[in-house]
Amino acid sequence: MTFTVVRPVFPGLSVGTSKASLRFLQASASPRCINISRPITSRIPSGPRRLYSTSTVRTAKFFGSAVAVAVIAGGASLFFTLARSRDAGPPNPTREGAVDVAPTTQTGSEPIPNFAKALEDLQAEFPEPSIVSTDPNELYAYAQSAYSQFVGSPHTIVVHVRSTEDVVKVVKISNRYLVPIVPYSGGTSLEGSLSAPASGSICVDLSALDKIIEIHESDADVVCQAGVTWNHLNETLKEKGIPLFFPLDPGRDATIGGMMSTGCSGTNAVKYGTARGEWILNATVVLPSGEVIKTRQRARKSSAGFDLTKLFIGAEGTLGIITEATLRLAPVLPSTVAVAQFPDIRHATNAVCDILNHGAALQCVEVLDELTIKAINQFGTSAKKLPEKVTLFFKFQGSDDAIRETSRYVESAIAKHGATDYQLASNEQESEDIWQNRRNALFASLAYRPGCKGWTTDVCVPVSRLPDLISAAKKDFEELGLVAPIVGHVGDGNFHALVLYADNAELALVREAVSRINHKAIELEGTCTGEHGVGTGKRNYLLTELGEGTVALMRTIKQTIDPHNLFNPGKLYPDVSPPSDTNPLREGRAISNSKPARSKY
């Protein structure tokens, strides 16, 4: 995840700009551009769509001035993509704070797509001018994420679909002309999942599929479209007086389709689990063939064959496009928070293991290292200064009596592990003030080194191994001279280091540190990605983490369902092998340095 504290950039529009692109021109700052001149005293609201500069650099080798005029006039973005094979490279839109280009590869075995014919058919199928877009601003913007460290390659066409039937129409045209498809819904993914492949692509924008279709309060479930955000869903339930909520809570404004596709979780995972649990009862999915399936009925449990719902959870749009889902809901219970300090990460983690193994009713338990607490104190939004020590933030849930009982047990248990300054919130406002420090950790960490950007890690290990992993990461940061505040979902062994850097020289060190951390997590029987997904950023770690047999089976499933490799190609499935003469786990070498294998996935 890369963040830059800058001013927003407003794109210039071509004459042919569609209505849909106007949302990129709202006056407030982009979510990527975080203004730290004012203290943040409440949860950060959703920002408008990303704002990008889209000046395009081309070589004179193929294009003359006439093409440049055509680009300014609009409608030439398709011509750009069709001419790529005869030019020095793809279009090169620029953006402030750009860090890295999402790598997409082709092996030469893929069929050649016919974008000109696909565009003709799409415009005939969707004659409204706002549905099918070749505006350069949209082609670039819909390949980006608000939080990704990768800069995506622009698409060839963007289609703003409004229904499952619209998705089917686009997929059938994709099949007809062998044109790749990349789904988009909330634009908050972190690992380069939205980038176009080198051949170009149709981006299917699902953000207008934002309807809550049915709420079944008695059954504690809801049917909604893929573009609904989890926070909007929960706000709607609250407004309607329905005492239920959807407990998965990744980044604000993440959509249900994207949450399923990346196998997300969040701070509530210690109690409620992740998207791979039983919170998604079924999904409506458009397959690469254009067929629409519903994975199962609405019953809470079923033994009817394979659990196909889970096949699409974590598949990142490579097997099908999710358009609707039925979600389980949980009862809203009273909650409050507490905080305590510890000598170090190991003592804090051992305390959490002790608490969880004795069945304490925790909704959340988060760890912030001493550097993060220092950054929060300097940020100036905290109701009071916190001791600059490793700190655990607890969230208890239940009746008043249950919360008091849990708090007494936790206070007693953590004292055995060196905890000090235990504080239980005495009222709702104090609870909000304490938890606000956890919410502000990211923004405070970014502000700790003004002018810097940050790269977020996402490793996860068995909880008891978390101190070993964090200790190794801190040692690497110190050795490489990097500043990296750490925040962790300690209850499930997942932590994020926000590694700060000011220039390309430091960025090279960051990449080395991230590679070491990813490999160390795998060595400790963990994963390189706890909740952010694979995309392009993590796929080359999968052979080491999962093994050749498992990855081969993943490829077999992909090839069976999507034989032309049209759905989100270049993502998730690794196309490289670990070096045979070295041990990347010992040496901390990125697998991406190894020789590519001949694979279309």
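Author: The angle between α13 (residues 428-439) and α14 (residues 441-448) is about 50°, with the axes 5 Å apart; axes are lines fitted to C-alpha atoms over the stretch in contact, and angles run from 0 to 180 degrees between N-to-C directions. Asn-437, Arg-438 and Arg-439 of α13 meet Ala-441, Leu-442 and Phe-443 of α14, contact being heavy atoms within 4.5 Å. Those residues split into three nonpolar, one polar and two charged. (Ala, Val, Leu, Ile, Met, Phe, Trp, Tyr, Cys and Pro count as nonpolar, Asp, Glu, Lys and Arg as charged, and the others, Gly among them, as polar.) Helices (H or I, at least four residues) and strands (E, at least two) are DSSP runs, numbered from the N terminus.

A word on the source: this is a predicted model, where local features need pLDDT of at least 70 and side-chain atom pairs count only at pLDDT 80 or more, while totals for chains, interfaces and linings use all residues. Residues are numbered from 1 along each chain as its sequence is written, and side-chain values use heavy atoms, leaving out hydrogens and water.

Now the rings. Rings of Phe, Tyr and Trp (its six-membered ring) pair if their centres lie within 6.5 Å; planes under 30 degrees apart count as stacked, over 60 as edge-to-face and the rest as tilted. That rule gives six aromatic pairs. In one of them, Phe-150 and Trp-455 have centres 6.1 Å apart and planes at 75°, so they are edge-to-face. Phe-150 belongs to strand β4 (residues 150-151) and Trp-455 to strand β19 (residues 453-456), 305 residues apart. Both Phe-150 and Trp-455 are buried, meaning under 20% relative accessible area, with exposed over 50% and partly exposed in between (1.4 Å probe, protein chains only).

Back to α13: its Trp-435 pairs with Phe-393 of strand β17 (residues 390-397), so parts 42 residues apart in sequence are tied together. Phe-393 is buried at 0% relative accessible area, and Trp-435 is buried at 5%. Elsewhere, ring pairs join Phe-245, Tyr-272 and Trp-279 into a cluster.

Last, strand β13 (residues 321-328): six of its eight residues are buried, so β13 is largely enclosed by the rest of the structure. Strand β11 (residues 280-286) runs antiparallel to β13 through six bridges, two strands pairing if DSSP finds at least two bridges between them.
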